[in-house]
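Welcome! Here is a short tour for anyone opening this structure for the first time. Please have a look at the sequence and the model below before reading on.

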Amino acid sequence: MHYLVCVMETTTYLIIIVSVSMILQLMTAVMALWLTRYTGRRYSWLLIALALILMTARRVAPLIELLRGDGSELHFSFEITGMVLSSCMLAGMVGVRRIFKEKRSAEEENRLLLAEKETLLRETNHRIKNNMNTMAILLEMQADKMDPGTGKSALEEAAGRTESMMVLYDQLYHAEHTGQVSLAEYIPDMLDRILGIFPQASDIIHSTDVEDIEVDARTASVLGILVNELVTNSVKYAFPDRLTGGSPSIRVSVHRTDDMLVLEYSDNGIGINPAHVRTEGFGLQLVDTLVDQLKGTLSVDSGNGLCYRLSFPAR
């Protein structure tokens with residue numbers, strides 16, 4: 001009788017242990033499937049879940065035998081070990097889930113911080129653009145009130161440099177990628193605004209051929225100042241008596257060649273001695289400095305008007 005009671009108690013314990021093991025395995029399988037929320041549909045999690053489900057299904061037959069009172073093939077120590085292993089697998093899966101959850105929370109926090117940083121940067125660019133716009137207007141107003149001469153010319157040049165920076169910060173404010181500027185949008189807009197500063201440039205025909213290339217803000221800033229100096233130089237010196245054989249014109253092009261960017265600037269004016277390009281005037285000396293900043297090379301052709309060709313590494 002006592003033996004029968006012991007057998008019944010052992011069978012009951014085995015039923016509980018096997019049932020708990022099956023539940024733990026199913027919970028682990030569900031947890032593995034849950035992890036696809038954080039990692040996407042990965043076959044590794046699906047295979048783990050499938051393996052756990054098959055392990056659970058494999059225990060159905062022994063459980064039915066126990067319920068019928070025939071559990072002679074089951075060993076108490078083995079089933080205890082199986083339950084402990086199932087518990088460890090579930091605990092490990094919970095830990096993995098926590099790691100992925102914390103990682104996802106950190107990524108979301110970083111995304112929000114980055115969005116906030118981009119918003120602040122755009123707002124800063126917008127404020128700088130507005131301040132430069134005010135400066136350019138003041139410079140133009142003061143230049144309009146002055147008689148032609150060195151002072152008026154200096155104010156117009158300063159206004160042109162300010163305009164080039166204003167266009168840059170306007171492009172940065174509207175750029176899809178923070179810190180990147182599209183030259184196809186930047187250079188034509190800047191050329192229009194710079195020529196608009198000089199009353200004598202109203203009849204100059206200007207054109208652009210710029211590939212849709214994105215550069216960083218520093219490179220765009222250097223190119224903007226450089227193009228401004230070349231335009232200013234053309235307006236002031238290239239067309240002293242205007243042309244008799246056609247309209248004065250300026251052309252700017254930018255294209256990529258392998259790992260180099262090439263900017264070509266040309267006008268159909270009276271030209272200049274190439275030997276004087278690096279020695280005459282602050283503007284041309286500034287061009288030389290800007291070329292060095294870009295780690296580029298500058299060539300000048302004065303055979304028909306003036307043509308500058310700047311090559312520099314693409315960043």
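Contact means heavy atoms within 4.5 Å. With that in hand, M190 touches S164, V167, G224 and V227, leaving aside residues up to four places away in sequence. This is a predicted model, in which local features need pLDDT of at least 70 and side-chain atom pairs count only at pLDDT 80 or more, while totals for chains, interfaces and linings use all residues. Residues are numbered from 1 along each chain as its sequence is written, and side-chain values use heavy atoms, with hydrogens and water left out.

**The sheet**

- Helices (H or I, at least four residues) and strands (E, at least two) are DSSP runs, numbered from the N terminus.
- Two strands pair if DSSP finds at least two bridges between them.
- An open sheet is formed by five strands in the order β2-β4-β5-β7-β6, with mixed pairing.
- β2 (205-210) and β6 (297-301) stand at the edges with a single partner strand each, so one side of each has no neighbour in the sheet.
- From one strand to the next, the twist averages 10 degrees; angles run from 0 to 180 degrees between N-to-C directions, and axes are lines fitted to C-alpha atoms, for helices over the stretch in contact.

**Strand partners**

- Strand β4 (residues 249-257) runs antiparallel to strand β5 (residues 260-267), and eight bridges join them.
- Within this pair, R251 has S266 of β5 as its bridge partner.
- β5 also pairs with strand β7 (residues 306-313), again in the antiparallel sense and over eight bridges.
- Here L261 stands opposite F312 in β7.

**Turns and loops**

- β4 and β5 form a hairpin with two residues between them.
- D258, in the loop between β4 and β5, has a positive phi of about 55 degrees although it is not a glycine.
- D258 is exposed, with a relative accessible area of 72%; exposed means over 50%, buried under 20%, and partly exposed in between (1.4 Å probe, protein chains only).
- K295 also has a positive phi of about 55 degrees without being a glycine.
- K295 sits in the loop between α9 and β6 and is exposed, at 64% relative accessible area.

**Helix packing**

- Two packed helices are described by the angle between their axes and the distance between the axes.
- α7 and α8 pack at about 35 degrees, with axes 10 Å apart.
- Residues making the contact include L183, Y186 and M190 of α7, and G224, V227 and V231 of α8.
- α7 also lies across β2, β4 and β5, running at about 165 degrees to β2.
- M190 belongs to helix α7 and is buried, with a relative accessible area of 0%.
- M190 and M165 are 25 residues apart in sequence and 8.8 Å apart in space, C-alpha to C-alpha.

**Nonpolar cores**

- A nonpolar core is a set of buried Ala, Val, Leu, Ile, Met, Phe, Trp, Tyr and Cys residues joined through side-chain atoms within 4.5 Å.
- The largest such core has 44 residues, of which L183, Y186, I187, V231, L263, Y265 and L310 touch the most other members.
- α6 (150-174), α7 (183-197), α8 (217-238), β4, β5, α9 (281-293) and β7 each supply at least two residues of this core.
- α8 gives the most, with nine residues.
- Another core, of nine residues, lies apart from it, with L35, W45, A49 and M93 among them.

**Two buried polar residues**

- D267 is part of strand β5 and counts as buried at 6% relative accessibility.
- The D267 side chain makes a polar contact with the side chain of S234 (2.7 Å); a polar contact is a pair of N or O atoms within 3.5 Å, where within protein one must be able to donate a hydrogen and the other to accept it, and residues adjacent in sequence count only if both atoms are side-chain atoms.
- S86 lies in helix α5 (residues 76-144) and is buried, with a relative accessible area of 1%.
- Leaving out residues up to four places away in sequence, S86 touches S21, L24, Q25 and T28.
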